[in-house]
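Please keep the structure open while I talk.

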Amino acid sequence: MESIQENPTMDTAGGGIGRSNSDQLAAAASRSLSRTESADMVLSTADVTSLSRKSSFGKRSPSGGAAGAGGNSHGHIRKSRSAQLKLDLEDLVSSGAALSRASSASLGFSFTFTGFTPPPQDMSSSAELHPFSDDENTMDIEAGMRGKKLVTEPTLPIYIKFAEVKYRVTVKGAPREILSGISGSASPGEVLALMGPSGSGKTTLLTILGGRVAGAGTLEGRVSYNDEPYSKSLKRRIGFVTQDDVLFTHLTVKETLTYAALLRLPRTMTRQQKEERAMDIIYELGLERCQDTMIGGSFVRGVSGGERKRVCIGNEIIINPSLLFLDEPTSGLDSTTALRIVQLLHDIAEDGKTVITTIHQPSSRLFHKFDKLILLGKGSLLYFGKASEAMPYFQFIGCTPLITMNPAEFLLDLANRNTNDVSVPSELVDKMHMENQNLQNTNSKNDYKPSAQDVHEYLVDAYENGVAYKEKKKLLAPLPISDDMKATITSSKREWGTSWWQQYSILFCRGIKERRHDYLSWMRITQVIAMSVILGLLWWHSDPSTPKGLQDQAGLLFFIAVFWGFFPVFTAIFTFPQERAMLNKERAVDMYKLSAYFLARTTSDLPLDLFLPVIFMVIVYFMANLKATAARFFFSMLTVFLSIIAAQGLGLAIGATVLDIKKATTLASVTVMTFMLAGGFFVKRVPPFISWLRYLSFNYHTYRLLLKVQYHPVPDILITATPLDNGVTEVAALVAMVIGYRVLAYVSLRRTKTSAS
């Protein structure tokens, strides 16, 4: 705790900001900036929350009312973590006005530039300042109620280092460099922020550090975790929050986090402990008010965008990762909620975790909460170091804000090569003057304004020549860690949170809850009932005793075979293309085995797929006056069920093979129409060179089985080229399709996953 003797006077001639008396701060409800603490802390009033990560105010002395005369009051300030990195700004900036500008840019608050003077008040009537800190604030910002404090267990500390990371892609035959030799590091207990404008390579760098880089790009450089390369065992120690919110639309917030806990948390925890962990995350993220609300999507109303982002973060921090990567976690959040998220990241880091996040344009409060900062511009490294030293560094190389602005805004302007409202380094101006000294009309100072490319090159060269060597030398030093810790990182053994059977049962339940809203929607039920009633009216009490009536009933049976072949195919082809992003996300962290997911996904659809055919058959069967015996009705229903499962397998195979909805729909349309035409109703005499096509059609085998069930023996006028036997051949063909199509779908998914890896 440092005691600072404050001077109540203000040097207005120099334009600088003098030290205010702590009583004046409390009475005027204003913020002022101390000359030596400008890069580290904000002095706040009793009504303003402290912005420093570890700062708090001591109680005022009862004799503080006389401080205006004698200056006896002491403002007790606990140094923040970044205070130890403080630079002597007097050595960098000579004039008082420049110091005022640098101070304002560091924190974004200054009254001298706006011309505002705090009104005088009675110093003795100000409220007493009570000690508080951000870490003690566990209030739910949105609900206004106290939430649970997130309790994280000790995990394996992981030091991440990366040196000369380069990444190139080929665009239209021309190579394009995304990252140009990026180096840096992050240690347990630190929050590293990757900042830069859009297109600077933040997300690419984060993806590379998280071990998720994929595609045809060329990666160079070295990334190490505890001085060891990436291995599969790290998957369960890494949490990765993507920029896009990939969540199931019809699951509630509570269900989403509970299923994540059941699948990802270790086997040593009981089911009750996992569910309690999910509830702890819900309360910590302030999601208790919406825990029973569906996530929602484009066509389904659900939680807000900020709540969706917090659910995504909860999905990752629920496993208590050693390394946590976040891609713009504050996007779409208001400033207060964003501050809560960043404070949560600090709480996680303080427990020995390494946190790396990209950030687009943080507020001044968020900026001062980062431990380390990487500033990127056009894929190049402009700065790497402690966030508290970023502003002094750029002031040292001659880049100083000319107006009051957020430090993050100032840094992004530099990364964007925008020198408006920024003092241009004299070295760069001299360089431009020398380059243009032989040109005419160069008397104007504006003619010496450097171009955007000149600013970018100057910033890159300044970092490479001034700081990069020292930082790269630190990266070469070995870490003081044991061989056992390194062995844990290099282990190639994959750890699963649950057994295969538990994965299957959890995914089965999740699948039913997610898709019951689509399968059992009123629109789909109305569609099936309306179609069955129309068919029943068209074939009302049909009479099979006459040849014409017999052919009419045969037409109805063929339509049933076609309808319940067409309907499941175009439902199943969307399964894997729509869930591709979710599958890639969950498989990337070894959430479950692909075989467990595939079997659960295909079997969870069966109860939902077989519900509507029962309604359909009950209505059509008796309205059309088909054979009203229990055995014939049961076998007709069984035949339709077999056809549905076979058709569903075809849809799954097409969707898994193509993984593109438009292409899959086109291929399915051609395939279903071909199978319908070869089904044996429209064409009974098929040319021999293409007659084999009918045996691939599930419509053909379903139609023949329905004829066998309804008519025994089948009349000659309904028999196609191949005579009907006892139906074993048709049943065997449909069973082979049920199995064969699903095996093809699984192999296609496995091949796609292998290619992505």
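**Helix H17 and its cover**

Let me begin with helix H17, whose buried residues are covered by, among others, helix H18 (547–572) and helix H22 (611–623). Before I go further, this is a predicted model, in which local features need pLDDT of at least 70 and side-chain atom pairs count only at pLDDT 80 or more, while totals for chains, interfaces and linings use all residues. Residues are numbered from 1 along each chain as its sequence is written, and side-chain values use heavy atoms, with hydrogens and water left out.

Helices (H or I, at least four residues) and strands (E, at least two) are DSSP runs numbered from the N terminus, and the protein chain has 26 helices and 13 strands. H17 itself comprises residues 522–538, and its 17 residues reach 24 Å from the first C-alpha to the last, close to the 24 Å expected, where the expected span is 1.5 Å times one less than the number of residues.

Which residues of H17 are buried? They are Ile 525, Val 528, Ser 532, Leu 535 and Gly 536, with buried meaning under 20% relative accessible area, exposed over 50%, and partly exposed in between (1.4 Å probe, protein chains only). These residues cover an arc of only 105 degrees around the axis, which puts them on the same side of H17; the arc is that of the directions from the helix axis to the C-beta atoms. On the other side, Trp 522, Met 523, Leu 537 and Leu 538 are exposed.

Val 528 deserves a moment, since its relative accessibility is 1% and it therefore counts as buried. Leaving aside neighbours within four places in sequence, Val 528 is in contact (heavy atoms within 4.5 Å) with Trp 564, Leu 612 and Phe 616. Val 528 and Leu 612 are 84 residues apart in sequence, yet their C-alpha atoms are 7.0 Å apart in space.

H21 is mostly covered, with twelve of its 16 residues buried, including Arg 601 and Asp 605.

The side chains of Arg 601 and Asp 605 meet in a salt bridge at 2.5 Å, N to O, the term meaning a side-chain nitrogen of Lys or Arg within 4 Å of a carboxyl oxygen of Asp or Glu. Because they are four residues apart in H21, Arg 601 and Asp 605 are separated by about one helical turn. Arg 601 is buried at a relative accessible area of 6%, and Asp 605 is buried at 1%.

Glu 579 and Arg 515 form another salt bridge, at 3.3 Å, N to O. Here Glu 579 lies in the loop between helix H19 (575–578) and helix H20 (580–587), and Arg 515 in helix H16 (residues 500–519), so the pair ties together parts that are 64 residues apart in sequence.
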